[in-house]
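Student: I have a structure open on my screen and would like to learn how to read it. Could we go through some features together?

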Amino acid sequence: MKTLWRPAMSLFVMLSVVTGAAYPMLVTVIAQALFPREAEGSLLTSDGTLVGSSLIGQNFTDPKFFWGRPSATGGWPNNGLASGGSNQGPLNPALLEAVQGRIAALRQADPEQLAAIPLDLVTASGSGLDPHISPAAAHFQAPRVARLRGMTVDAVQHLVAQHTEQRHWGVLGEQRVNVLELNLALEAR
């Protein structure tokens, strides 16, 4: 038994150093060298002030901004410490009530908009932190944003088109619009 103790502890220490320190440091150095923006959290600034990350949704409620997907995180909207869905099924009365409340808020913010509301504006994503909306959701909100900012709908639609991200490699995912980046572009105008 004593003969096994020394090799076992040596292997434990060696693997702890390799997997707990050397490998993470190597991956961090490579990430910083090849993808510095992403390695730092894809942070976005406006006039030198940090305003958020392009990877985590933000809770915009002012009607002059584009609104993102609702958040199902606990504590407060888009809480990165409480990421997760609501676990409410389609027959859950609480989900129905929440969706109806979101529909009412969208209709109240723009009573002139009579088009069907895109699903991603009234339902949360699986993580509750999704920073993107569909192009349809952005186009739905464009008349409200244009009117409240004194812009033409065409100018706002052009900004939406500029900020529409395509599918990865042309086949993975769907087209999407990063809400924070789009709102920063609106503020820069």
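This is a predicted model: local features need pLDDT of at least 70, side-chain atom pairs count only at pLDDT 80 or more; totals for chains, interfaces and linings use all residues.

Student: In which strand is Thr164?

Tutor: Thr164 belongs to strand 4, which covers residues 164-165.

Student: Is Thr164 buried or exposed?

Tutor: The general idea is that a residue counts as buried when its relative accessible area is under 20%. Thr164 has a relative accessible area of 17%, so it is buried.

Student: What does the side chain of Thr164 find there?

Tutor: A polar atom of the Thr164 side chain is 2.7 Å from the backbone oxygen of Val160. Leaving out residues up to four places away in sequence, Thr164 also touches Pro135, Gln175, Arg176 and Val177.

Student: Which backbone atoms lie by the polar atoms of the Ser53 side chain?

Tutor: There are two to look at. The backbone oxygen of Gly41 is 2.7 Å from a polar atom of that side chain, and the backbone nitrogen of Leu55 is 3.1 Å from a polar atom of the Ser53 side chain. Beyond four places in sequence, the contacts of Ser53 include Ser42, Leu43 and Leu180.

Student: Ser42 is on that list. What is the phi of Ser42?

Tutor: Here is the general idea: most residues other than glycine have a negative phi. Ser42 has a positive phi, near 55°, and is a residue other than glycine. Ser42 lies in the loop between helix 2 and strand 1 (43-46), and with 3% relative accessibility it counts as buried.

Student: What about the phi of Trp169?

Tutor: Trp169 is not a glycine, yet its phi is positive, at about 55°. Look for Trp169 in the loop between strand 4 and strand 5 (176-178). With a relative accessible area of 76%, Trp169 is exposed, whereas Ser42 is buried.

Student: Now for charged side chains. How many salt bridges does the structure hold?

Tutor: The structure holds six salt bridges. One of them joins Glu181 and Arg37, with their closest N and O atoms 3.9 Å apart. Glu181 is in helix 6 (residues 179-188) and Arg37 in helix 2 (residues 36-39), so this pair ties together parts that are 144 residues apart in sequence.

Student: Which side chain does Asp130 meet in a salt bridge?

Tutor: Asp130 meets Arg69, at 3.8 Å from N to O. This pair links distant parts of the chain, 61 residues apart: Asp130 is in the loop between helix 3 (93-109) and strand 3 (132-133), and Arg69 in the loop between strand 2 (49-53) and helix 3. Asp130 is partly exposed, at 24% relative accessible area.

Student: And where do Arg147 and Asp110 lie?

Tutor: Arg147 is in helix 4 (residues 135-149) and Asp110 in the loop between helix 3 and strand 3, so their pairing ties together parts that are 37 residues apart in sequence. Their side chains form a salt bridge of 3.2 Å, N to O. Arg147 is partly exposed at 37% relative accessibility, whereas Asp110 is buried, with a relative accessible area of 4%. Salt bridges with shared partners join Asp110, Glu112 and Arg147 into one network.

Student: Let us end with two helices. At what angle do helix 4 and helix 5 pack?

Tutor: Helix 4 and helix 5 (residues 153-162) pack at about 140°, and their axes are 9 Å apart. Angles over 145 degrees would count as roughly antiparallel, so helix 4 and helix 5 are oblique to each other. The crossing of helix 4 past helix 5 is right-handed.

Student: Which residues meet where helix 4 and helix 5 pack?

Tutor: From helix 4, they include Ala138, His139 and Ala142, and from helix 5, Val153, Val156 and Val160 are among them. You have already come across Val160: its backbone oxygen is the one 2.7 Å from a polar atom of the Thr164 side chain.

Technical notes. Residues are numbered from 1 along each chain as its sequence is written. Side-chain values use heavy atoms; hydrogens and water are left out. Helices (H or I, at least four residues) and strands (E, at least two) are DSSP runs, numbered from the N terminus. Buried means under 20% relative accessible area, exposed over 50%, partly exposed in between (1.4 Å probe, protein chains only). A polar contact is a pair of N or O atoms within 3.5 Å; within protein, one must be able to donate a hydrogen and the other to accept it, and residues adjacent in sequence count only if both atoms are side-chain atoms. Contact means heavy atoms within 4.5 Å. A salt bridge is a side-chain nitrogen of Lys or Arg within 4 Å of a carboxyl oxygen of Asp or Glu. Axes are lines fitted to C-alpha atoms, for helices over the stretch in contact, and angles run from 0 to 180 degrees between N-to-C directions. Angles under 35 degrees count as roughly parallel, over 145 as roughly antiparallel, 65 to 115 as roughly perpendicular and the rest as oblique. A crossing is left-handed if the near helix is turned anticlockwise from the far one by less than a right angle, and right-handed if clockwise.
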